[in-house]
Amino acid sequence: ESYDMGGHDTYMHKEIHEQVDAVDRVLRGRIDDRFSTVHLGGLNLDAREARGVRRVKILGCGSAYHTGLIGAQLIEELARIPADAEPASEFRYRNPVVDPDTLYLAVSQSGETYDTLAAVQELKRKGARVLGVVNVVGSAIARETDGGVYVHAGPEVCVVSTKCFTNTAVAFALLALHLGRIRDLSVADGKRIIAGLRKLPEQIAEVLRGEEEIKKLAAEYANAKSMMFVGRVRGYPVAREASLKLKEVSYVHAEAYPASELKHGPLALIEPEVPTVAVLPDDDLLEKNRATLEEIKARSGRILAVAHREQEKADHTIVVPRNEVELDPILMGIPLQLLAYHTALALGRDIDKPRNLAKSVTVE
Ligand code: AGP
């Protein structure tokens, strides 16, 4: 991939479409079918050390933090290690307890974000083991960490992150699978996840083929006063990221909430001018999510669902292909990148250089 626009009008559009190849690249050469695991050359964490990890803490900012939320869920699900994510910008200022049995992961596209770098430096000063999940090879965070996983998304020019977000989520799936197979993830589950990962590039291409439909939906929702994004567990980080994407590139105000939290306050905002984007994977929480759609409908809210099948309570559904449930957040975010893009286009925004933002925030 190059800096050439390759026939696209914006880098954002180009980078959304590059995801098919980018995901193929992050997988390439890493899958080991013989042992149903993956090899991560630069990780620098041997099997004994990996078995000694009692907790995982993921640190990053903005979209990188959101991929950390996905990563923490994958690590808990596949490796059964307690894991959570926190904005690096908060972590570094709150004098955190640094635990020798915790594996710290710093996530960054640029590898130069000052808050994330400062969190890494603080952790190292206190003797922690910090690995990187980074896109730019040889960047400051890549150099400061003890090892890690490169994301191989290729150069990302648009200020708004798309392909790097997706590739980082896939890199976390690889890391979770690797840690899981060293601990107690079965061969069968390892095989199942590997098969799911291999399906991703073609399934991303399938989602992208639905772009015209998403463009029409964007035109329909572009004049919203505000947009609400909701999801439960695996759907929640997708909702967070989609809300950030829309804000950054279209300047439409958006909020993201766990669907379960709506009734604790934000439901008061629901009205026809405040539509909801609901992320509803076909997992064990589908019925709960459908009940949330009913609550929104009862308040005259419009609903755009992202789901694995048509949702009758929703005004519109974007149907995405099914994969393994653990990998749902990876695919479900992609149509919402297109929704943000086409909303911004409909509103005439400067897509590659949104106001007030820089590609990497290298100052405090
Ligand atoms: C993403 O669309 C953003 N522009 C922003 O949130 C970004 O993810 C954040 O600043 C972190 O950047 P990094 O990944 O380069 O560290």
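Modeller: A quick word on axes before the numbers: each one is a line fitted to C-alpha atoms, for a helix over the stretch in contact, and the angle between two of them runs from 0 to 180 degrees, comparing N-to-C directions. Keep in mind as well that this is a predicted model. Two packed helices are described by the angle between their axes and the distance between the axes.

The pair I'd pick is helix H2, residues 19-27, with helix H9, residues 187-208. Their axes sit 8 Å apart, at an angle of about 170°. Anything over 145 degrees counts as roughly antiparallel, and that is therefore how H2 and H9 run relative to each other. On the H2 side the contact is made by Gln19, Val20, Val23, Asp24 and Leu27. H9 answers with Leu197, Leu200, Pro201, Ile204 and Ala205.

Gln19 deserves a stop of its own. Glutamine 19 belongs to helix H2, and it counts as buried because it has 26 C-beta neighbours inside 10 Å, where the cut-off for buried is 20 or more. Leaving aside residues up to four places away in sequence, glutamine 19 touches Lys163, Thr166, Ile204 and Ile334. Ile204 is one of the H9 residues in the helix contact, while Ile334 falls in the range of helix H14 (334-346). For a sense of span, take arginine 183: it is 164 residues from glutamine 19 along the chain, and their C-alpha atoms are separated by 31 Å.

Stepping back, the whole chain has 14 helices and 12 strands. Of its 364 residues, 54% are buried. Look at the contacts between residues at least 6 apart in sequence, and 74% of them join residues at least 24 apart. The radius of gyration is 20 Å, which agrees with the value near 21 Å that a compact globule of 364 residues would have. Along the principal axes, the C-alpha atoms fill a box of roughly 55 × 40 × 40 Å.

Now for another helix, H12 (residues 286-298), which holds threonine 292. Threonine 292 is buried, with 24 other C-beta atoms within 10 Å. Not counting residues up to four places away, it touches Val230, Ala259, Leu262 and Ala278. Lysine 313 is 21 residues from threonine 292 in sequence, and the two are 9.8 Å apart from C-alpha to C-alpha.

Then there's the ligand. Its shell has 16 residues, of which Gly62, Ser108, Gln109, Ser110 and Thr113 come nearest. Helix H4, residues 62-79, gives the most to that shell, with 3 residues. The shell divides into 6 nonpolar, 9 polar and 1 charged.

Last, a couple of backbone spots to check. Most residues other than glycine have a negative phi. Tyrosine 251 has a positive one, near 65°, and sits in the loop between helix H11 (235-250) and strand S9 (254-258). With 15 C-beta neighbours inside 10 Å, tyrosine 251 counts as partly exposed. Asparagine 356 also has a positive phi, about 70°, in the segment after helix H14. This asparagine 356 counts as exposed, given 6 C-beta neighbours inside 10 Å.

Notes. Residues are numbered from 1 along each chain as its sequence is written. This is a predicted model: local features need pLDDT of at least 70, side-chain atom pairs count only at pLDDT 80 or more; totals for chains, interfaces and linings use all residues. A residue is near a molecule or strand if its C-beta atom, placed from the backbone, lies within 6 Å of it. Helices (H or I, at least four residues) and strands (E, at least two) are DSSP runs, numbered from the N terminus. Ala, Val, Leu, Ile, Met, Phe, Trp, Tyr, Cys and Pro count as nonpolar, Asp, Glu, Lys and Arg as charged, and the others, Gly among them, as polar. Angles under 35 degrees count as roughly parallel, over 145 as roughly antiparallel, 65 to 115 as roughly perpendicular and the rest as oblique. Two residues are in contact if their C-beta atoms, placed from the backbone, lie within 7 Å. The radius of gyration is taken over C-alpha atoms; the globule rule is 2.2 Å times the number of residues to the power 0.38. A residue is buried if 20 or more other C-beta atoms lie within 10 Å of its own, exposed if 12 or fewer, and partly exposed in between; C-beta atoms are placed from the backbone.
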